[in-house]
Amino acid sequence: MSRHTHGLSEWLLQRLTAVYLAAFLAYLLLHFLFQRQHTFQEWHDWMTHPAMIMATAMFILAVLVHGWVGMRDVVLDYVPAIRLRITVLSLIALTLLGCGIWALRILLQASG
Amino acid sequence: MTTQRSAPVYLNLLRIRFPVGAVTSIAHRISGVLLFLSLPFLIYLLDLSLRGPAGFDRALVIVQNCWFEAGFTLICWSLLHHLLSGIRFLLIDIEQGVTLQQARRSAWLVNSLAPALTLACSWWIL
């Protein structure tokens, strides 16, 4: 990336993921509004529908990107000491990566 | 160096003006960080709920027990505030509601709607 455009792609990425996250959350809210109670079987069948697996996997990826850009912004604003900053950013990256792998694995296991 | 700072530095928090939009904005940050911190807990619940009927029931019990105690309400508020203020920011990005009056009104709306909907969720979950 050239210096000139630095930060613009993050800005755009944050908004694109935000739109998807909001749309998915709106769908979840509407679903639970119309069907308040679930049995395990209903919940499992709904979550493991191929379209839902795809949409949820995309949601997880969007959370990772959105969370990374957002947490990075916060750290860049409040943690000026460079070594601490790198440490905190690494911890955040590892946490997000771990959460992403864990969540995708749950989806795979539930569908398989 | 004889340059003078033209911007006053108020370290007295009571003297800092904190308009309603600033509250929405800082709460967007705080709720975002809280959501990040609650990710492992939420994924754990998802894991439990999909493991089988027993895990599903256990996940429900955890959510209901944690509603007031372990801050599940806080997670719920965080999600709602982050979502609502996020939509507000996106609208402002595409130049909707940018006048001071509109922006103040939407900030008030977001700040009060998030706690109100959080309360509504307790009816839903408990």
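**View 1. Contacts of Leu80(B) in the predicted model**. Leu80(B) touches Ala114(B), Leu117(B) and Thr118(B), leaving aside residues up to four places away in sequence. The structure shown here and in the other views is a predicted model.

**View 2. The largest nonpolar core**. This core has 20 residues. Those that touch the most other members are Cys76(B), Leu79(B), Leu80(B), Leu84(B) and Ala114(B).

View 3. Which helix gives the largest share of the core? That share, 8 residues, comes from H3(B).

**View 4. The helices of chain A**. Chain A has 4 helices and 0 strands. Along the sequence the pattern reads α-α-α-α. The radius of gyration of chain A is 17 Å, whereas the globule rule gives 13 Å for 112 residues, so the chain is more spread out than a compact globule. A box of roughly 50 × 25 × 25 Å, taken along the principal axes, holds the C-alpha atoms of chain A.

**View 5. Burial and contacts in chain A**. Of its 112 residues, 12% count as buried. Among contacts in chain A with a separation of 6 or more, 80% are between residues 24 or more positions apart.

Note on methods. Residues are numbered from 1 along each chain as its sequence is written. Chains are lettered from A and ligands numbered from 1 in the order in which they are written. This is a predicted model: local features need pLDDT of at least 70, side-chain atom pairs count only at pLDDT 80 or more; totals for chains, interfaces and linings use all residues. Helices (H or I, at least four residues) and strands (E, at least two) are DSSP runs, numbered from the N terminus. The radius of gyration is taken over C-alpha atoms; the globule rule is 2.2 Å times the number of residues to the power 0.38. A residue is buried if 20 or more other C-beta atoms lie within 10 Å of its own, exposed if 12 or fewer, and partly exposed in between; C-beta atoms are placed from the backbone. Two residues are in contact if their C-beta atoms, placed from the backbone, lie within 7 Å. A nonpolar core is a set of buried Ala, Val, Leu, Ile, Met, Phe, Trp, Tyr and Cys residues joined through C-beta atoms within 7 Å.
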